[in-house]
Amino acid sequence: MYGMLVESVQHYVRKVYGEEKWLQILELSGFKNTVFATQRVYKDDVLPRLAENCSAVVMDKSTEDFLLFFGTCFVNFWSHYGYDRVVRVSGRHFRDFVHGIDNIHEMMRFSYPKMKSPSFFCEEESHEGLTLHYQSCRTGYSNYVCGQMSQVAKGFYNLDLNMVKLKDFPEGRGYHVVFRLYFDNSPYMPPKIKCIRTLSVEEQVPALRFLRLFPFCVVFQRDMKFVYVGEKARELFAEEQFLTEEKVTDIFYIRRPPMDFTWKNVLRLQQVVFELVSISCVRSPIQNGLLPSAQYLHLRGQMCYMSDRFYVLRLQQVVFELVSISCVRSPIQNGLLPAARHLHLRGQMRYMPDWDCVIFLCSPLIQNTNEMLELGLYINDLSMHDNSRELVMAGTHHMASLEVSYERAVKYSEQLCENMKKCEDWRKHSDELLYQMIPRTVADRLRRGMDVNDTVEAFPEVTVMFSYLVGFMEISAKVPAVQLVETINDFFTLFDTISLRHDVFKFETLGDAVYMVVGGAPERNPRHAQCVAALALELNREVERLKNPIDGTKLKVKIGMHSGPVVAGVISLKMPQYCMVGDTVNTASRMGTNSEPGKITLSESVNKLLYFGEFITAYRGTLQVKGKGRMKTYWLVGTRSARPCSPPSLLMPPSWKDLQRGMSIEIDCMQEVEKKMHQKSPLQEITESKESLAAP
């Protein structure tokens, strides 16, 4: 199937349903970023797949209705290529067009040499319509044909056509569908034999003299046995071959129409162009002492019925093509054997009532002089009355330019497809970079045209985490710049890798090794605190894999978490960034700065969300927080399913059973807890001294 059929679908689906729908249909059909080229050959299932996915995406028609629509699209689209004029001159009435569909396909064969066109023939014609037989090597295209026929009848002949499928069944190498066409067929007139005057016996031409006008014709009878073979056709085969192989089916097979080569089928298709191809290669006699090479003989012409000896056929208006079963041989040229070629005959099968037989009036199908040499034929072997000589010479002049144009079109199409693939790869890379700056859901909304201000959202509760690299200022002061950058890169790369395993969004990383993530925004998640807590535990554990570039000791982080409401959205147009603001962000940052190396500090709001879950927390005490006053804080110790992390000084044997049950430990006596914890920080000592002075 050529790309012009798909181009017609693409043009009208875009026009009716829009570009976005068409791109969705292409992606579902497996043709994402595919550029359909007119001269490229595609698989026969392309249109049914597109129709099926059109129905799935658009949802206003069934698959069968879309195939009907595709048929009308093709008829409307082919006017871009000038084929509307071919239809207009094919016949004065719609019945003439229907009878000559195969001949239209034959006219297009030179432009589309790989076209596997279907075959049509008519029966039971009356003033109310006719019966149309549709034969094709493809299945599932009957509705497509109905759309084409209806549009031709309406657009070119102003007729309302009603097509009814009577039956369909597999036949030979293809599929056979029978339609009944109902339309105003008033121009139909039953065939009548008209003669100007009756010829006398002396004026009648003998049959053999008449047949010499057609050097490649073939005459056969009901049992498919040869009666006569044209002089030039006989020269391409061994003379004894027609004696040992008496039937035409032993020498030729039918290339088109797609059907079995039987007497009954030939009777039905006299208005269809026939192509017969030799089964084996033909040969030419030895010339100039050169050995012949194998070729096939291809004859083209019309079948005519001679009534004196044979039976009546019904396909006299069809051009038949016969190809020899055996090979012809052409002489060696320049010491090289030409490639094997079959004889390809094209013409019309005609029933001759006087002889009661069928005559295939044909000529060899040859595109240029090279093929003539391969077959062992010469210009004077061709008939003068059927323009065979002119076609061969014209084909010689134009074939080279056509091949160059075709190769350029194919190369351009391939290059365009390759560029589309590269464009898609770069788009994916740019999307990945964009999603690192802006959440995917927000970026997709902006891509659809949403205003930046409309991306601002209020989130009633999220969990924010800050992580600080301990000793960063000392490291930055003592190590070279390149080594410092490598250390920071290793730090952030490790954290980015870990954060991808949790349902959180990384907001920003700052130059002083500050890492900020949030859970519950922009994708709302009721388990935001649990996701961030799991991330914090893994970060605190995995960071020890990194070494301090100064002394080689393990790196440590201080982590703080807080839950509360925030507002988030995209700001700036030149360098857009997804930002989060609110007191929750500031409080989470304070939890991080007031934490200790290797420990995770929680605010009271986070502790409440984790209290009855799988996480283990411990009461730390109250801290003086800038801008907030004194706040209750907690340690995130670990999970019930894994070994708890720091602080190990809190893991007292009497209380460990309570920790396993997921209960938070709140130690009423702060003095006892402080003795079992690590050395107090300077901030804690200052806070306690202020409290003692304020006491009465």
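V164 is part of strand β3, which covers residues 162-171. In this predicted model, the relative accessible area of V164 is 34%. V164 therefore counts as partly exposed, since that class lies between the 20% limit for buried and the 50% limit for exposed residues.

## V46 in helix α3

Helix α3 spans residues 46-58, and V46 lies in it. The relative accessible area of V46 is 2%. V46 is therefore buried, as the cut-off for that class is under 20%.

Which residues is V46 in contact with, leaving aside neighbours within four places in sequence? They are M1, V6 and F31.

## The chain as a whole

The chain has 696 residues, and 50% of them count as buried. Its secondary structure consists of 24 helices and 22 strands.

Taking contacts between residues at least 6 apart in sequence, 70% join residues at least 24 apart. The accessible surface of the chain is about 35,800 Å², and carbon and sulfur atoms account for 54% of that area.

How values were computed: Residues numbered from 1 in each chain as written. Predicted model: local features only at pLDDT ≥ 70, side-chain atom pairs only at ≥ 80, totals over all residues. Heavy atoms only, no water. Helix = DSSP H or I, 4+ residues; strand = E, 2+ residues; numbered from the N terminus. Buried < 20%, exposed > 50% of the residue type's maximum accessible area, 1.4 Å probe, protein only. Contact = heavy atoms within 4.5 Å. Areas by Shrake-Rupley, 256 points an atom, 1.4 Å probe, with all protein chains shown as cover.
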